[in-house]
Amino acid sequence: MSGASVKVAVRVRPFNAREISHDAKCVIQMQGNSTCISNPKQPKDAAKSFTFDYSYWSHTTEEDPNFASQRRVYQDIGEEMLLHAFEGYNVCIFAYGQTGAGKSYTMMGKPESEQHGIIPQLCEDLFTRISENKSPQLSFSVEVSYMEIYCERVRDLLRPKSKGNLRVREHPILGPYVEDLSKLAVTSYNDIADLMDCGNKARTVAATNMNETSSRSHAVFTIVFTQKRHDEMTNLDTEKVSKISLVDLAGSERADSSGAKGTRLKEGANINKSLTTLGKVISALAEMVSVWGYSSAVCPV
């Protein structure tokens, strides 16, 4: 594998209470990896069809044979990324979209095991695979960090009481990093689950007209996964380090739809600004893929 490319999955969620009260109609249809969108204001126009790596129909219930569950989303996306991490590659999964689209549910999910999102499922799977290792020459270590970017400022979610904003620096070899960000060693899934719970409680959320618990910040959960192997023939140790970045972005929004005023309006402006910048990065990556033909290593959701 060389370089990086982008894989894209789209998911349609069930209607929320607000949409049901407005008697909303679903304009999305999915078949295989194709997503079709119709315009209810122009019923005579043909539906527009788009093809993605994955199209997940989660609008109905699990009784629907076409329903895409949390487990299926993880098996398609998370398992592949975890495999790449074991191979020694850096990987990133992030959820991108409008406020209230269901990004936090896809990435983090709910406490019930069957509703766990990509992040807890990947963490649990990571330690399951580590426990299956029988080689005495191979050892593993896992460190995690959790931060949020709120109004263009970086905050450590594992030290929520700490004051001041963390600075983003650039290492000449390792690239960008956040100075003084906590990096905690963990030895089990329960350790990670406790830290995730602590960080989620500290994350900045607020109610808007579009979403009762709108994420007002971008949250980045990072796993540094190190594999150490001892070669008995040469008596040398080799080390392979992978960084797994799992990102729940704040949703884009329109001020008139979300009813944002004051602080909420300022938050929304910063969210939209940063998402526009991210869009430019994705476009640049896509252009690199088309020019150089890089293979898969990065997977937005």
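Cys123 is buried (under 20% relative accessible area, with exposed over 50% and partly exposed in between, for a 1.4 Å probe and protein chains only), because its relative accessibility is 0%. Cys198, at 33% relative accessibility, counts as partly exposed. No disulfides, defined as pairs of cysteine sulfur atoms within 2.5 Å, are found in a search of the whole structure.

The model is predicted: local features need a pLDDT of at least 70 and side-chain atom pairs count only at pLDDT 80 or more, whereas totals for chains, interfaces and linings use all residues. Residues are numbered from 1 along each chain as its sequence is written, and side-chain values use heavy atoms, with hydrogens and water left out.

Met196 lies in helix H5 (residues 189–202); helices (H or I, at least four residues) and strands (E, at least two) are DSSP runs numbered from the N terminus. Met196 is buried, with a relative accessible area of 4%. Not counting residues up to four places away in sequence, Met196 touches Met108, Ile119, Pro120, Tyr146, Tyr189 and Phe221, a contact being heavy atoms within 4.5 Å. Met108 is 88 residues from Met196 in sequence, and their C-alpha atoms are 9.2 Å apart.

The pLDDT, the predictor's confidence in each residue from 0 to 100, averages 84 over the protein, and 84% of the residues score at least 70. The pLDDT is below 50 over residues 206–213, a stretch with 24 contacts in the model beyond near neighbours in sequence. Residues 292–301 also have pLDDT below 50, with 49 contacts beyond near neighbours in sequence.
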